[in-house]
Amino acid sequence: EPAIVFGSLDNLDEMKGIVIGARLARNLGVFIGDNLTLISPKGAVTPFGVTPRIKAYPVVAIFEIGMSEYDSAFVFMPLSQAQLYFNKPDAVTHFEMMVEEVDRVDDPAVQVQGQIEQPVFVQTWQQTNASFFGALQVERNVMFLILTLIILVAALNIVSGLIMLVKDKGHDIAILRSMGATKGAIMRIFFITGSFIGVVGTLIGLLIGVLFCQNIEAIRSGLSDLLGVPLFDPVVYFLAEMPADMQNEEVIAVVVMALTISFIATLYPSWRAANLDPVEAMRYE
């Protein structure tokens, strides 16, 4: 019911009408009250062969669920009308069962398979959309690899920045060493400096990323209106809106990985600063 954008399902049975997707309605140029003619090649058998079954149905409602595959190709009608149209009186060739936990569908599928006496083909939503979810998984792995490379580049920037800082502060390091500062103290100074850069950068990136994910659809719509071109066309990406589902486990894993790489990146410059020879640093001063 929430997916109905025009019309209503209240008089669907009485009007013997149909419900179509919003993209299909736009492609065909039909609206509420218009008749849509359905043609089925499996019609009545006559002495001259099988004649197609042709019947017009009034459009009583238009739905939009956000997936282009459904919004552009699916037509729903009352069961009695479907049985009459496809010449299947008192028969059901397909039915769907909803479960509360969508990720755990294997056990219900096995139970349904065992409770129905006659041969039946049971397929879960994961099997039906296997190619789609496979493509999403590949894209997810590639995006994680790209994210890792970006973090490595940022870590190299920390390394190069700290090395330049060590060179610039060589005189100060030599003075501290001559005053009795240990190698561990010098190393801790530069380790804290590099770690502070990594922590601040990670927190800022986390804040920007969370805000971006929470407003990604508004950003997409704004850019589409600004540029005058559709971004992430539903025909190509199957989705009318760009969803963003942040999972706490993955966010924590990314933050921990970023902090770990930034900490590791500070080790070499800190070690180099701690092993700086004060005599060499002061020679030309």
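**At what angle do the axes of α7 and α9 cross, and within what distance do they come?** In this predicted model, the axes of α7 and α9 come within 11 Å and cross at roughly 145°. As they do so, α7 passes α9 in a right-handed crossing. On the α7 side, the touching residues are I158, L162, L165 and V166, and on the α9 side they are F190, T193, G194, I197 and G198. Sort these residues by class and you get six nonpolar, three polar and no charged.

**Overview: the whole chain.** Before zooming in further, here is the big picture. The protein chain has 14 helices and seven strands. It runs to 285 residues, and 25% of them are buried. Now take the contacts with a separation of 6 or more: 67% of them are between residues 24 or more positions apart.

**Close-up of α7 packed against α12.** Two packed helices are described by the angle between their axes and the distance between the axes. Here, helix α7 (residues 130-168) and α12 pack at an angle of about 30°, with 9 Å between their axes. With that angle, α7 counts as roughly parallel to α12. The crossing of α7 over α12 is right-handed. From α7, the contact uses R140, F144, L147, T148, I151, L152, A155, I158 and V159, while α12 brings E250, V254, M257, A258, I261, S262 and A265. By class, that makes 12 nonpolar, two polar and two charged residues.

**Close-up of the salt bridge between E250 and R140.** The structure holds one salt bridge, and this is the place to look for it. The side chains of E250 and R140 meet here, with 1.7 Å from N to O. E250 sits in helix α12 and R140 in helix α7, so the pair ties together parts that are 110 residues apart in sequence.

S262 has its place in helix α12, which covers residues 248-265. Its relative accessibility is 4%, so S262 counts as buried; the cut-off for buried is under 20%. Set aside the neighbours within four places in sequence, and S262 is in contact with I158 and G198. I158 belongs to α7, and G198 belongs to α9.

Follow the chain to the loop between α12 and α13, and you find T266. T266 has 0% relative accessibility, so it counts as buried. Which residues does T266 contact, leaving aside its neighbours within four places in sequence? They are I158, L162, F191, G194 and S195. I158 and L162 are also part of the contact that α7 makes with α9, and so is G194.

**Close-up of α9 meeting α13.** K183, I186, M187, F190 and F191 of α9 touch L267, S270, W271, A273 and A274 of α13. In this contact of α9 with α13, eight residues are nonpolar, one is polar and one is charged.

Notes:
Residues are numbered from 1 along each chain as its sequence is written. This is a predicted model: local features need pLDDT of at least 70, side-chain atom pairs count only at pLDDT 80 or more; totals for chains, interfaces and linings use all residues. Side-chain values use heavy atoms; hydrogens and water are left out. Helices (H or I, at least four residues) and strands (E, at least two) are DSSP runs, numbered from the N terminus. Buried means under 20% relative accessible area, exposed over 50%, partly exposed in between (1.4 Å probe, protein chains only). Contact means heavy atoms within 4.5 Å. Axes are lines fitted to C-alpha atoms, for helices over the stretch in contact, and angles run from 0 to 180 degrees between N-to-C directions. Angles under 35 degrees count as roughly parallel, over 145 as roughly antiparallel, 65 to 115 as roughly perpendicular and the rest as oblique. A crossing is left-handed if the near helix is turned anticlockwise from the far one by less than a right angle, and right-handed if clockwise. Ala, Val, Leu, Ile, Met, Phe, Trp, Tyr, Cys and Pro count as nonpolar, Asp, Glu, Lys and Arg as charged, and the others, Gly among them, as polar. A salt bridge is a side-chain nitrogen of Lys or Arg within 4 Å of a carboxyl oxygen of Asp or Glu.
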